[in-house]
Amino acid sequence: MGSNGKIQDIAWRTGGPQGSGIDTAALIFSRSCGLAGLELFGRREYYSNIMGRHSYYDVRASDAVQTSHRDVVDMLTTFEAETLLRHYTAVCPGGAIVYPNTEADVPLSIATFLDERFTADIAAELESQGLPPTTAGAIESARARGVLCYEINFDEIINDLAETLGVPYKIAARARNTLAVAVSTAILEFRRDIVKQALEKQWPGRQKIIDMNVEAVEQAYNYTREKLDLSGFIFRLDASESTDKRIMVNGNQAVALGKLAGGLTMQSYYPISPATDESTYLEAHAEFPTRDGGEGYVLVVQTEDEISAITMAAGAALTGARSSTATSGPGFALMTEGIGWAGINEVPLVVTLWQRGGPSTGMPTRNDQGDLLFACNAGHGDFPKIVISSGDVIEAFYDAAQAFNYADRYQTVVVHILDKALSSQSRTIPPYDLDQVKIERGEIAEPRGLTDGKPNGEGAFHRFAFTESGISPRTLLGQPGNAHWMTGGEHTPQGRVTEDPIIREKMMEKRARKMELAAAEIPVDEKFKVFGDREADLTILTWGSNKGAVLEVLDKLEAQDASARLVQVRLMVPFPMELVAVLESAKPLVIVESNFSGQFAQLLRQQTGITPDHQIVKYNGRPISGEELLRAINEIREGGADSRIVLRNPYQ
Amino acid sequence: MTTATETPKLKAKDFQVPHPNDWCPGCGDFGIINAIQQTFARMGLDPSSVVMVGGIGCSGKAPYYVGSYGVHTLHGRPLPFATGIKLANPELTVIAAGGDGDGLGIGAGHFVNAGRRNVDMTYVLFNNAVYGLTKGQAAPTLPMGLQTKSLAEPNIQMEINPLMLAFASGFTWIGRGYSYNIKELVGLMQRAIEHPGLAYLDVLQPCPTYNNIHTKEWFAGKDLEEVRPRVRPLPEDYDGIIEQGASEEDVFAKMNDFIAMAHEWGDYIPTGVYLENRSVSKFEDRISNRMPSYADASPAGRPIADADGITRTELARIFEELAIN
């Protein structure tokens, strides 16, 4: 609880050119809040660029778990003009903007990376308010809305810092990010000792760096107290009493850790945003202890392309290794032939698909859920495949592990579909519970060994034996006495190519039976989850990272004494037909997706004939916030809303 | 590196299969498959420990005609499949087989990058300069200007020199054989398999159906003024072995010899071991150097669950790293 007794919920934003330490600044702020026992929700927005382009980071700190970012922030900390210009409209009245004095009055044209459209819009907006097209105009505009704008003379603080520490200005200037963070926390009257602790966590063992940054915090707090007029600023950030142990993870990390827990022993990948971070995180944590005191590892192989990544993973899977690959749209497109091969050869294989804006290169670092139908239909021909989706960093972990169990049990490809928003969203959560991670390897044949004194005395092993369940006990390459063939061609039970019509029918039917089995066996709560008031008529159906925004909407509606429920679909293929009964009472049924055409809605209609009353979509590359979704839902509740609502925000 | 066992118990027929073979009569593939079966028998390999990985095309069917584990993959992709198999279970003897279109056309990217890794396996390329199964189009090894019988016009794309490409890509063993010199092929295959790294064996072969230029008679030099086989062993004084720890000067000299020999074509096409580079580490060793436990238990063999079927993975250390308070 905050000092005023209300649940505190502070949204803080910082931004700057890529490569300028924005992530470090955000991490220091996050660590400070985390050490104070607060729950965090962070998100990172960035360009497909190495240095210079604008990226920004949102941290939402609260006493309660938050599941979505806020478009309207309480504090904006900037280092340069572009960040100020892009985000000054996002700060709420009563909130604050921190900016360096050197950027107080520069023309719009200085922000050369601002899109022409953006520049023109800001200029027109400022002109309509009778303000000049400069940062001064933007600051004045914010002030007019009741935003407190704090001009900071960073050079002065850095000079003081250099003097205090007896180091050159250039050295002291390295603490600029810490200074900016500390000025914001000082304005928020947040405990400075906690910020100092955060620095120790940020640079463990690097005492010189810590000492300099600790002094920077001291100077920033003193400067804030002496130079800034904080009257009128309404937000405070207090430490929480919670001492529960928390970890902070993002989606890429959650999946990587889930794979480690699930027994992944080999991952192949080709670099592609926003999937790469998963594989590089695995590689950085490739060796780990086992719970019985042994050593574990995962072999990560960077391949020459995604075709190699999927086929290498398939080859590894044939030996019994739990293997997987991770990619995004363009890479997934290259993988589809390999996915079909794994399908017809009944190879347990996990493919993690991090969606981004498509088609083609699209928007490599922006959010989109436009690959759902592609994932469900990936590969030519008919073959069984499982597609699962996770809504947050907790599910992402357990689903990543469970994907291997599905793959082994049903001997086929499992596509784990996620999105960019989830990949770069970080949350504080309790550490994952490894006791919950079961390893189920499915049906594996016993080695026949020598028969008739010959290695293959009984002839080739029937790898693709016709069975009632459709599952044929699989052999692992190298098992003594079980030699047989595999082929991307239609094949006999021994794996020899055949074009026989009867065998073809029987093989197609055998493989299809596995999907019937999966549909019957997989528990309903792994297929979809219902949140909120289960009896509510207003039903918001979604999938993937939008879950967080919908959960926030449910909370807000509850506060308005309105009831609603969320149906979060997690299993896409085989399609959960149990949804039909659940959706019968939906009135209205609203489907929320981050894509243009409403791909889940299409899938639902194809499978069940059900069509939603309203579709809310967003396809500008940015994740849906709880705030904007609430506005759309309220519009629907009030009646008269269009059947298709597009969420738009020009300032993201 | 798979070494021969001391007392081979198996005969080539133990590696033969009971089902019929659908290659055209007189196909060069028959010689290669015979040589493979004989090599496995001679080396005393256990059929259950051998994995034949094929691409697509006539040659890609090679795994069907060998009584071991056989994996018929995708067009151009035998090498990454084979790499995945070998890295996940290094105890297996892995042989990739495919045609020149498969390996040097659609699969050229894998060919080059396999060389960078030097995984311990053997790649046998069935080189007949045409796409047989799709009825005789020009393959990447068909010299420019030639017009095999399916072509409407002479070939206007340059040919790839596969030995040079293998060399530039980093293959550490490079050899060339001829499909109708089975005795020599068996010797080459054994050396390729025994080499501790990635071996490239280029096997020249006639396609009696579509390549009416590089025929059995052509390879036998029947058209030459002085009739003698074009495919003849490398000169006796040629030595393509680069020893471990060889000096830069020695390596350079061998490379020069290699380049000169790899360009021989026409009246004399040398067969034999062009290069055996023992100075480059194999990928598996590079992995073990980075992660010693890889050498103790393969990805296929590493136990991942405890007796109750719960994960063995411990993440406490990583949770500590991610701890926020």
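Predicted model: local features only at pLDDT ≥ 70, side-chain atom pairs only at ≥ 80, totals over all residues.

**Exercise 1.** In which sense do β12 and β13 of chain A pair, and over how many bridges?

*Solution.* Start with β12 (residues 323-327) of chain A: this strand and β13(A) pair in the parallel sense, over four bridges. Next, pick out one facing pair: A:Thr327 is opposite A:Leu353 in β13(A).

**Exercise 2.** Find out which strand is joined to β13(A) by seven bridges.

*Solution.* The partner is β15 (residues 413-419) of chain A, and the two strands run parallel. Within this pairing, A:Val350 has A:Val414 of β15(A) as its bridge partner.

**Exercise 3.** Are the residues on the two faces of β13(A) buried or exposed?

*Solution.* First, recall a general rule: side chains in a regular strand alternate between the two faces of the sheet. Now sort the residues: A:Leu349, A:Val351, A:Leu353 and A:Gln355 lie on one side, with A:Val350, A:Thr352 and A:Trp354 on the other. Every one of these is buried, so both faces are covered.

**Exercise 4.** Explain why β18 and β24 of chain A each have one side without a neighbour in the sheet.

*Solution.* Write down the strand order of the open sheet in chain A: β18-β20-β19-β22-β23-β24, with mixed pairing. β18 (528-532) and β24 (644-646) of chain A stand at the edges, and because each has a single partner strand, one side is left without a neighbour. From one strand to the next, the twist averages 20°.

Terms used: Residues numbered from 1 in each chain as written. Chains lettered and ligands numbered in written order. Pairing = 2+ DSSP bridges. Axes fitted to C-alpha atoms, helices over the stretch in contact; angles between N-to-C directions. Buried ≥ 20, exposed ≤ 12 C-beta atoms within 10 Å, placed from the backbone.
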